[in-house]
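Please look over the sequence and the three-dimensional model below, and keep both in view while reading.

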Amino acid sequence: MGAFRGSISFTKFHVRGELPADFRDRFVESIRLRAFRDLDPSEEVDSRTGWCSVEHPFDLDLSYEKVFFNDYLNLGLRTDTWRIPGSLFKASFREAERAYCAEHGCEKLSRTQKKNLEALVMAKLRHKVVPAMNVVDLSWGIGEGVVRFFANSPKQHETMIELFEKSFELELVPDGAYVAAEKRGLAERLMEKLPLLEPFTLASTANV
């Protein structure tokens with residue numbers, strides 16, 4: 001979803017910190033280090049997140065030309081997750097449980113045996129399914145210091161902020177009244193009072 005197709009709903013963030021003189025080359029190098037890597041069924045991880053091309057989620061060869069568009073840095077945030085259908089897992093586990101008990105002469109699995117068998121069944125099923133993929137576009141206006149992230153989920157925001165700050169070594173803060181006042185140069189004595197303000201209703205509710 002995102003910048004060039006689908007929903008145009010986005011959440012705005014502000015970038016804090018100084019850009020290094022050679023930031024374009026450094027950013028491309030850092031992005032390539034954190035490009036998305038495919039999930040491996042043999043790994044004990046349920047999901048993985050990384051950068052991909054904003055134009056195609058399977059394009060992970062992130063060159064300068066694919067990342068920078070004039071004064072904008074554009075990326076896709078791709079997350080792949082293993083999602084085994086519950087009914088498939090239960091049926092496969094019951095089959096594995098019967099086979100195990102028949103081989104070892106037991107009627108019921110211990111807690112440890114059950115846990116180990118669940119992990120074994122899950123690992124086998126991961127070889128038979130394709131991970132679910134989610135991609136969210138991100139567009140950073142370098143000159144204005146604003147990042148537009150085309151998702152509204154707090155969990156996706158948290159994941160994006162963590163990867164962004166690791167990749168660019170800059171702080172990312174959500175848009176809001178405090179940040180807006182800060183960017184407009186509100187006096188420090190007034191900035192200190194902002195967190196103390198209480199909301200109030202401008203319209204009368206007497207006739208509602």
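Is cysteine 106 buried, partly exposed or exposed? Cysteine 106 counts as partly exposed because its relative accessibility is 23%, where buried means under 20% relative accessible area, exposed over 50%, and partly exposed in between, with a 1.4 Å probe and protein chains only. Before going further, note that this is a predicted model, in which local features need pLDDT of at least 70 and side-chain atom pairs count only at pLDDT 80 or more, while totals for chains, interfaces and linings use all residues. Residues are numbered from 1 along each chain as its sequence is written, and side-chain values use heavy atoms, with hydrogens and water left out.

Cysteine 52, for its part, counts as buried because its relative accessibility is 0%.

Now turn to the helices, which, like the strands, are DSSP runs numbered from the N terminus (helices are H or I, at least four residues; strands are E, at least two). The expected span of a helix is 1.5 Å times one less than its number of residues, so the 16 residues of helix α4 (residues 111-126) should span 22 Å, and the 23 Å between its end C-alpha atoms agrees with this. An α-helix has 3.6 residues a turn, so residues three or four places apart point the same way. In α4 the buried residues are Leu117, Val121, Leu125 and Arg126, and what covers them includes α3 (86-104). The 15 residues of α5 should span 21 Å, and its end C-alpha atoms are 21 Å apart, which agrees. Buried residues of α5 include His157, Met160, Ile161 and Phe164, and just after this helix glutamate 169 takes a positive phi of about 55°.

Strand β4 (residues 72-81) holds threonine 79, aspartate 80 and tyrosine 72. Threonine 79 counts as buried because its relative accessibility is 19%, and its side chain is joined to that of threonine 49 by a polar contact of 2.8 Å; such a contact is a pair of N or O atoms within 3.5 Å, where within protein one must be able to donate a hydrogen and the other to accept it, and residues adjacent in sequence count only if both atoms are side-chain atoms. Aspartate 80, with a relative accessible area of 5%, is also buried, and a polar contact of 2.8 Å joins its side chain to that of arginine 78. Tyrosine 72, by contrast, is partly exposed at 36% relative accessibility. Leaving aside neighbours within four places in sequence, tyrosine 72 is in contact (heavy atoms within 4.5 Å) with Val67, Ser139, Trp140, Gly141 and Glu144.

At least two lining residues come from each of β2 (47-52), β4, β5 (132-141) and α5 (154-168).
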